[in-house]
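Read the paragraphs below with the model open beside them.

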Amino acid sequence: MRPTKAVIHLENLKHNIRTLMQHTAAERRRNAPRGGDARSRPLFCVAVKADAYGHGACPVAETALSVGTEYLGIATVSEGRRLREHGIQAPILLFGLTSPDEFHEIVHLRLAPFVAEAGYIAELNRVAAGAGRKLGVHLKVDTGMGRIGCRPDEALELARGIAAAGNLHLNGICTHFPVADTPNSTFTRKQASTLTDVVAEIKAAGIDPGLVHAANSAAVLEYPEAWFDMVRPGIAVYGYYPSGDQERLLPLKPVMEFCSTVVFIKRVPKGTGISYGLSYRSSRDTTIATVPAGYGDGFNRLLSNQGEVLIRGKRYPIVGRICMDQFMVDVGTDAEVQLGDPVTLFGPDRAGPNAEDVANLTGTIAYEVICSPTGRVPRLCR
Ligand SMILES: *Cc1c(COP(=O)(O)O)cnc(C)c1O
């Protein structure tokens with residue numbers, strides 16, 4: 001196997017899911033009326049879209065299900081096909097909208113799509129009828145995200161349409177939060193109360209709304225009033241907080257370790273230029289190690305002369321420009337670093353950089369960093 005790989009620490013994934021489950025269960029117990037039944041945790045729909053945020057959808061889905069996750073969340077029909085072909089039987093929510101030429105497959109794969117508009121609903125019903133199936137759908141209400149979803153005042157009418165459609169079943173009502181990663185967000189609280197109102201209206205019309213759900217990781221961490229029947233965490237399951245603004249109350253562990261090995265070492269005199277553009281010049285006699293990973297593997301070129309890597313428990317600077325397939329590290333004069341040494345580009349080890357550190361250096365978020373290892377990087381589950 002190539003030395004450059006993404007090691008997926010499934011124990012950390014289990015730890016994170018269990019931590020979130022315990023967090024929600026504890027909060028529900030705390031808020032249960034005295035002497036009344038403590039409601040257990042909400043259902044969990046773990047987001048495994050985008051190849052489980054780059055970690056590998058099938059092993060992540062299996063592991064999530066093994067610790068009690070009830071639902072999986074995906075963005076595209078092809079992601080659902082992969083999970084079903086792998087033998088995964090759990091209910092799968094399709095978060096994204098798609099074009100009608102994929103409706104047949106949605107029905108065939110038993111995906112539960114988000115719906116938000118009458119024409120889409122009618123066409124899904126027609127395709128489900130043609131297949132002789134009944135398809136569960138979740139009505140998405142836009143309470144402030146501005147992405148997909150019907151207006152709150154349209155929800156009842158659409159719920160009626162779904163209830164009346166012979167081959168659809170209303171399995172849920174849901175929404176999504178754009179600013180739940182900011183503490184004390186009245187906007188998020190208002191969204192949750194808008195969803196509550198919509199659900200009440202639908203119930204009053206004699207329609208069963210199914211599962212009510214809204215919370216992404218940020219809301220799972222901070223807004224118990226937004227948990228409803230089910231939560232949909234993604235990033236926290238992979239060991240990262242949604243943003244730097246949140247208090248780090250839960251001990252999440254990064255799941256992905258992007259790593260490689262030292263494949264070449266050389267001594268260079270002071271003033272030696274390194275890599276394209278010779279943008280780095282050694283300020284002293286030193287040792288340069290070459291690592292066979294680059295932007296072709298999803299290691300961001302903006303880390304050129306910026307980032308650090310972990311070798312033998314110590315951080316060393318990336319020097320010169322990151323190339324497509326390789327980059328260089330100044331490992332200094334003490335000759336501690338040897339050919340073949342493991343190199344961590346980012347990962348769970350607190351001594352080295354994690355995906356959030358990489359994100360801060362490259363002007364993005366941990367979400368994008370963990371999604372970035374490309375197809376040529378083997379994923380190796382531990
Ligand atoms: C991606 C996604 C989530 C998970 O979001 P995180 O911020 O990663 O927790 C939840 N719901 C929907 C609709 C999503 O698209």
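The chain contains 11 helices and 19 strands, where helices (H or I, at least four residues) and strands (E, at least two) are DSSP runs numbered from the N terminus. The model is a predicted one, in which local features need pLDDT of at least 70 and side-chain atom pairs count only at pLDDT 80 or more, while totals for chains, interfaces and linings use all residues. Residues are numbered from 1 along each chain as its sequence is written, and side-chain values use heavy atoms, with hydrogens and water left out.

Along its principal axes, the C-alpha trace spans about 80 × 50 × 35 Å. Of the 382 residues in the chain, 53% are buried; buried means under 20% relative accessible area, exposed over 50%, and partly exposed in between, with a 1.4 Å probe and protein chains only. Among contacts (heavy atoms within 4.5 Å) with a separation of 6 or more, 66% are between residues 24 or more positions apart.

Pockets and cavities come next. On a 1 Å grid over the protein atoms alone, a cavity is a set of points where a 1.4 Å probe fits but cannot get out, and a pocket is an open set with protein on both sides within 12 Å along at least five of seven lines; lining residues have an atom within 4 Å of a point. Grid points are joined across faces, edges and corners, and a volume is the space filled by probe spheres set on the points.

The largest pocket holds about 460 Å³ of space. Its lining consists of 25 residues, and those nearest the centre are Lys49, Tyr53, Arg147, His176 and Asn216. Two or more lining residues come from each of α2 (49-53) and α9 (217-222). The lining divides into 15 nonpolar, five polar and five charged residues, with Ala, Val, Leu, Ile, Met, Phe, Trp, Tyr, Cys and Pro counted as nonpolar, Asp, Glu, Lys and Arg as charged, and the others, Gly among them, as polar.

Histidine 176 is buried, because its relative accessible area is 16%. Its side chain makes a polar contact of 3.4 Å with the side chain of arginine 147. A polar contact is a pair of N or O atoms within 3.5 Å; within protein, one must be able to donate a hydrogen and the other to accept it, and residues adjacent in sequence count only if both atoms are side-chain atoms. Leaving aside residues up to four places away in sequence, histidine 176 touches Lys140, Thr143, Met145, Arg147, Gln191, Ala214, Asn216 and Arg232.

The second largest pocket has about 330 Å³ of space. It is lined by 16 residues, of which Gly239, Leu252, Pro254, Arg350 and Asn354 are the closest to its centre. By class, seven are nonpolar, four polar and five charged.

Asparagine 354 also caps the N-terminal end of α10, with a side-chain oxygen 2.9 Å from the backbone nitrogen of glutamate 356. Which residues of helix α10 (residues 355-362) are buried? They are Ala355, Glu356, Val358, Ala359 and Thr362. These residues lie on the same side of α10 because they cover an arc of only 160° around the axis, the arc being that of the directions from the helix axis to the C-beta atoms. An α-helix has 3.6 residues a turn, so residues three or four places apart point the same way. The buried residues of α10 pack against β18 (342-346) and α11 (366-371). Just after α10, glycine 363 has a positive phi of about 70°.

The structure has one cavity of 30 Å³ or more. Its lining is made by Val48, Asp51, Ala57, Glu79, Arg82 and Leu83, and helix α4 (residues 77-85) gives the largest share, three residues.

Aspartate 51, in helix α2, has a positive phi near 55°. Most residues other than glycine have a negative phi. Aspartate 51 counts as partly exposed because its relative accessible area is 25%. Arginine 312, in the loop between β15 (308-311) and β16 (314-319), also has a positive phi, near 50°. At 48% relative accessibility, arginine 312 is partly exposed.
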